[in-house]
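Hi,

Here is the structure I promised to pass on. Have a look at it first, and then read my notes below.

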Amino acid sequence: MVEKAADAGLYSPLLDTLIERDLREHSDNLRVLYGYLLCERRPTIAATYLHMHRNNVIYRIGRIESMLSISLEDSKIRQELEMSFLVLELMKMEDGTGRL
């Protein structure tokens, strides 16, 4: 289902990069980015949500920004990512596989 959504251009190709890297490296960058955006880019709140140390959240977000060559200070980028996460959420609910 995710492949179909990607082919249809329903979500940002930036997330494809994260998904592929997470699968290849057994990491959870997608979850970290999603949690950080859900918590409105507040590292302390995101750290609690993600069950990580605040400094780890800051470090991981910096690496994600570098990996994707983006800045989360850019509201258009944030909006694109947030909408993409909503699409993925809806797809997961449709599949019955739960949350991201």
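Which residues in H3 meet which residues in H5? Before the answer, one thing to keep in mind: this is a predicted model.

On the H3 side the contact is made by Asn29, Val32, Leu33 and Tyr36, and on the H5 side by Val57, Arg60, Ile61, Ile64 and Met67. Sorted by type, the residues of this contact are seven nonpolar, one polar and one charged. To find the two helices in your viewer, look for residues 29-38 for H3 and residues 54-68 for H5. Their axes are 10 Å apart, and the packing angle is about 110°. Angles of 65 to 115 degrees count as roughly perpendicular, so that is how H3 and H5 lie to each other.

Next, have a look at Arg60, which sits in helix H5. Is Arg60 buried or exposed? Its relative accessibility is 15%, and buried means under 20%, so Arg60 counts as buried. The side chain of Arg60 is joined to the side chain of Asp28 by a polar contact of 2.4 Å. Leaving aside residues up to four places away in sequence, Arg60 touches Asp28, Asn29, Val32 and Met52.

Back to H3 itself. How many of the 10 residues of H3 are buried? Eight of them are, so the helix is mostly covered. The buried ones are Asn29, Leu30, Val32, Leu33, Tyr34, Gly35, Tyr36 and Leu37.

Arg31 is also in helix H3, but this residue is partly exposed, with a relative accessible area of 35%. Not counting residues up to four places away in sequence, Arg31 touches Leu50 and Met52.

Now for the rings. A pair of aromatic rings is described by how far apart the centres are and by the angle of the planes. The count here comes to one aromatic pair. The rings belong to Tyr34 and Phe85, with centres 4.7 Å apart and planes at 40°, so the pair is tilted. Which parts of the chain does the pair link? Tyr34 is in helix H3 and Phe85 is in helix H6 (residues 75-95), so to speak distant parts of the chain, 51 residues apart. Both Tyr34 and Phe85 are buried.

Last, two loop residues for you to click on. His26 lies in the loop between helix H2 (13-25) and H3. His26 has a positive phi of about 55°, although this residue is not a glycine. With a relative accessibility of 73%, His26 counts as exposed.

Glu40 is the other one, and you will find this residue in the loop between H3 and helix H4 (43-50). Just after H3, Glu40 takes a positive phi of about 55°, and Glu40 is not a glycine either. Where does Glu40 stand, buried or exposed? Its relative accessibility is 55%, so Glu40 counts as exposed.

That's it from me. Happy browsing!

Methods. Residues are numbered from 1 along each chain as its sequence is written. This is a predicted model: local features need pLDDT of at least 70, side-chain atom pairs count only at pLDDT 80 or more; totals for chains, interfaces and linings use all residues. Side-chain values use heavy atoms; hydrogens and water are left out. Axes are lines fitted to C-alpha atoms, for helices over the stretch in contact, and angles run from 0 to 180 degrees between N-to-C directions. Helices (H or I, at least four residues) and strands (E, at least two) are DSSP runs, numbered from the N terminus. Angles under 35 degrees count as roughly parallel, over 145 as roughly antiparallel, 65 to 115 as roughly perpendicular and the rest as oblique. Contact means heavy atoms within 4.5 Å. Ala, Val, Leu, Ile, Met, Phe, Trp, Tyr, Cys and Pro count as nonpolar, Asp, Glu, Lys and Arg as charged, and the others, Gly among them, as polar. Buried means under 20% relative accessible area, exposed over 50%, partly exposed in between (1.4 Å probe, protein chains only). A polar contact is a pair of N or O atoms within 3.5 Å; within protein, one must be able to donate a hydrogen and the other to accept it, and residues adjacent in sequence count only if both atoms are side-chain atoms. Rings of Phe, Tyr and Trp (its six-membered ring) pair if their centres lie within 6.5 Å; planes under 30 degrees apart count as stacked, over 60 as edge-to-face and the rest as tilted.
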